[in-house]
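Let's take a walk through this protein together. Have a look at the sequence and the fold before reading on.

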Amino acid sequence: MTAAYSRLQIALHWLIALLIAAAWFTHDGMGRALHQRIESGASGIEGNTLHVWLGGVVFALILIRLAVRAAQGAPAPVGTPAMQQAAVWGHRLLYVLMLAVPALGAAAWYGGIEDAGEVHELAGNALMIVALGHAAVALWHQYVRRDGTLTRMLRPGA
Ligand code: HEM
Ligand code: HEM
């Protein structure tokens, strides 16, 4: 446990949020691209789409982010015990989805596993919904409950 998120943790949080949104908005046509890739027997990284590059960078940054968190720790969640439990499990769910979504995408794209593509779509949409709920809760903390939660993700500790 630490008093605040570090500058690096804050930078990673916002950069990853931006890249996930970008990956989500570039998914158009990926279903068709996947079928063409499987039918033509292509593999490797040549012919990668922007969506695949963005998602791959997200995956690498999440691994770095988890390592930084393990090394530096994170501040304890605020609020009642129930709210703290909700925050801990909500954040765990976000981490699981952030790892699972690109991994499933890669299994479809590089492994040619079409079923993984289906689950990737579902998990990708679930990630966006959970992240939007997470953002709404963060805004509620900041502006309704006024406990400075959003400030923690904007202002680094010493
Ligand atoms: C955080 C990162 C990512 C997000 C949020 C994301 C999101 C999505 C979404 C929402 C779709 C559904 C498209 C549709 O409805 O037709 C999709 C499709 C797809 N994505 Fe991703 N994706 C990510 C990373 C990746 C990565 C890293 C890869 C490959 C290495 C990948 C490969 C694919 C493929 C092949 C499809 C088509 C699946 C199919 O139609 O069966 N994605 N992605
Ligand atoms: C794709 C979008 C996003 C993802 C995947 C995401 C994910 C996460 C995760 C996993 C944490 C926990 C950090 C840790 O303790 O290790 C976190 C913290 C936080 N996020 Fe996000 N986030 C996203 C977007 C946003 C947005 C848009 C906002 C603000 C409107 C926001 C506000 C916060 C705040 C304030 C915290 C700190 C919570 C606390 O101190 O307990 N996030 N985010």
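We start at the metal and then move to a helix and the loop after it.

This is a predicted model, in which local features need pLDDT of at least 70, side-chain atom pairs count only at pLDDT 80 or more, and totals for chains, interfaces and linings use all residues. Residues are numbered from 1 along each chain as its sequence is written, chains are lettered from A and ligands numbered from 1 in the order in which they are written, and side-chain values use heavy atoms, with hydrogens and water left out.

Find the iron atom of ligand 2: its protein donors are H13 (NE2) and H134 (NE2), lying 2.0 Å from it. (Donors are N, O and S atoms within 2.8 Å of the metal, or 3.2 Å for Na, K and Ca.) H13 sits in helix α1 (residues 7-25) and H134 in helix α5 (residues 114-145), 121 residues apart; helices are DSSP runs of H or I with at least four residues. H13 is buried, at 13% relative accessible area, while H134 is partly exposed, at 29%. Here buried means under 20%, exposed over 50%, and partly exposed in between, using a 1.4 Å probe and protein chains only.

Now turn to α2, whose buried residues are M30, A33, L34 and R37. Seen down the helix axis, they fall within an arc of 100°, so they line one face; the arc is taken from the directions from the axis to the C-beta atoms. The face turned away carries the exposed residues R32, Q36, E39 and S40. Just after α2, G41 takes a positive phi of about 70°.

Further on, N48 lies in the loop between α2 (30-40) and α3 (50-72).

Conventions: Helices (H or I, at least four residues) and strands (E, at least two) are DSSP runs, numbered from the N terminus.
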